[in-house]
Amino acid sequence: MAVKLSSLTYSKKIPNWVYLRAYVSSVSCANKVQIIPENDLPNISEFEDKIQFLRNQLHPASLIRVLDSTHDLSSSLKLFKWVSLQKRFRHTAGTYYQMILKLGMAGNVEEMEGFCNEMVRERCPGTEEAFAALIDSFVRHGKLNEASRVLVAMNLGGYKPTIGLFNVLLGAMVGEKRDFQDVLFVYKEMVKAGIVPITETLNYLIEALFDDDRIGTALDQYRRMNKKGCSPNSRTFEILISGLAVRNLVDESIVVLDEVVELKFEPSLSFYSSIVPIFCWLNNLKVVMRLFKMMKASNISPDSQLYEVLIQCMCNNHRLNDAINLVEEMKAIDLTPSDDILADIVNCFCKLGKADEATQFLENKHVVGSHPHNALLGGYCSAGNLFAAEVLFFDMLQRNIADTVSWNVLIRWVSENVGINKALEFLSRMIVSSYVPDYATYSAIVVGKCRLSKYKDALELFHQIRAKSWVLDSTSYGELVECLCQSQMIQEADEVFCYMSDKKCTLQLSSFTTLIKGLCVTGNVRRAISLLSLAYCSVTSCSTATYNAIMLGLSKLGKEDDLMVVLSRMLVEGHAPDGETYGLLIESMIALGRIDDCVLFFNLMASQGLSPDSEMLTYLLSCLAKLSQLHMILLALDKLIINHALLNSAMCNVLTNGLWKEGYKSEACRMLDIMLEKGWVPDASTHGLLMRSVVREEGECKLDTDNPDKISNILADGLGKT
């Protein structure tokens, strides 16, 4: 809403006011006003000139003109004070407007409110219009807090703001995504003023509720619109459907769309322009087609942007004919599809194995843009049809369609799939043809060098790239790091990573883990840990394997105590330990003599369904057996026993012997059952122990009367008769 106030003027140029500290005494206009100080004192000579001007022309219009030309806030307040002391002068709504506007624009809200209240008390003619103009000005300049304060003063002063004024402020707050409480505050002021909301008002409220994730309340407001004498419009449905869909409440959004159909409501183009891209982004082709049919039924033609969104959606779903039909529709109404959209269609052709038809499509449409032809060139390369790619490429050169990207597409594919020599041949032609290689060209050659293990050449190319302040693309970056690591050039790989991370380039997870492992294997564990911070800054991901490499490196350096610190960081970043992690932790706890922690980690591993490797399990059982602590892992062992593949003869002997010595004879007999079921023979130590025990304590291994054929009972019976 544009509020016109003919008697009020305001300069379009908003000065950058600074703060002053001064106390301006109340004259006929305001309470004491505290202004925060500024660094520059006002120009005394200029101030005196303005006082002299006002002495000669003491009327409101002159004051307004002087205030408008005074950029110093302190001087403006002093001028306002001086004029207020003149007996023959009386302020108007226009003079208050000018002073309040200056204070509000400077952010002096408290002082601004004082003048607002004084203007109310003075009951100057035109006060209501002045308030409306102030709110409008503050909204236009993004001073929404100041606008809200003026609205409150207007309300308290008995002046009734119009519904349009409330909507202006609500719309600005919703548009700037202000806190919901700010929106609610203005809405409550409207209720206090006895103003009845209209559909536009409720739309703003519903949108604010969605922004605050109060979905249920927003839908409730929509259902109650009729009770407030309002009917939903196109914007209402746009807010509801988009608000639900973007929050993955697709089914609920379709329910609202069904209501649009049932009400026989015909949405506007704005509705479709907002909703269709959302469902395209969600790849919900069914709803997209439904919306498109609704548009057609309402005789609404999409604009160029909406057509392109639809075409892109059709291409993503391989609905090539639909995409081509949409292009035809665009041309029929004199809309020209962009090269990006034509490239999408070409890519769709190529993905469907119809590259030759894509060529025909470009010829029939008389397309001369580089981008669609580069897409086709890439399609031929991806299909491995180098001959067709070269024919197209040289045709593009002849027609002056080729650009640097064209050369890069061809060089990249040749470098990766044919050989570096052929790629260098194309690079030479590129330079001779006066095309300047860029970072993508160098990246392509780096890949070719890496795949031939010419790591020194690849590194030299990287140095040239760095000298030009360029960066490698993600694939070349990853391949170079891995190539250097495999060639034991770990320091050089570190150098590449540091440079690229400083440029905020992300390294692939597998390549970063390879780098970390390389550093740890060479004993540079401290350096590996420091790279984790660089990885975070460049959005390079870590994994459990990354942290396992660091833990292993620390273990080999005899720094088992530090493993717990690494584990803490790993857990904080949301990486779950795996079997290898637990194995490293268990071995480190054994080395530190922390048997309780060792048992804790083993039990945790078993509870999570993770299995240790055979070597680690043998080591653990041996250590616990020596300390007579095997019974501490009995529950975990029960889970492992289920998977007999984890156990071997040696482990079973250790368990049987150890548990028997620790007094857990029934568990020892159970282990013996497993051994004999697998056809394993107890070693001499275990056999002798059982024989002596049976002779001394007959019935120690109790017979199972329900199953006399059980192997442990047969063995016990046999040993007893020996």
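Let me start with a term: buried means under 20% relative accessible area, exposed means over 50%, and partly exposed is in between, with a 1.4 Å probe and protein chains only. This is a predicted model, where local features need pLDDT of at least 70, side-chain atom pairs count only at pLDDT 80 or more, and totals for chains, interfaces and linings use all residues. Residues are numbered from 1 along each chain as its sequence is written, and side-chain values use heavy atoms, with hydrogens and water left out.

Aromatics now. The structure holds 12 aromatic pairs. Rings of Phe, Tyr and Trp (its six-membered ring) pair if their centres lie within 6.5 Å; planes under 30 degrees apart are stacked, over 60 edge-to-face, the rest tilted. Tyr582 and Phe601 make a tilted pair, 6.5 Å centre to centre with 50° between the planes. Tyr582 sits in helix α32 (residues 579-591) and Phe601 in helix α33 (residues 595-607), so the pair ties together parts 19 residues apart in sequence. Helices here are DSSP runs (H or I, at least four residues), numbered from the N terminus. Both Tyr582 and Phe601 are buried.

There is also a cluster. Phe393, Phe394, Trp407 and Tyr435 form one aromatic cluster.

Next, charges over rings. The criterion: NZ of Lys or CZ of Arg within 6 Å of the ring centre and within 35 degrees of the ring normal. Arg429 lies over the face of Phe426, 5.6 Å from the ring centre. Lys468 lies over the face of Trp470, at 5.3 Å from the ring centre.

Key: Helix = DSSP H or I, 4+ residues; strand = E, 2+ residues; numbered from the N terminus.
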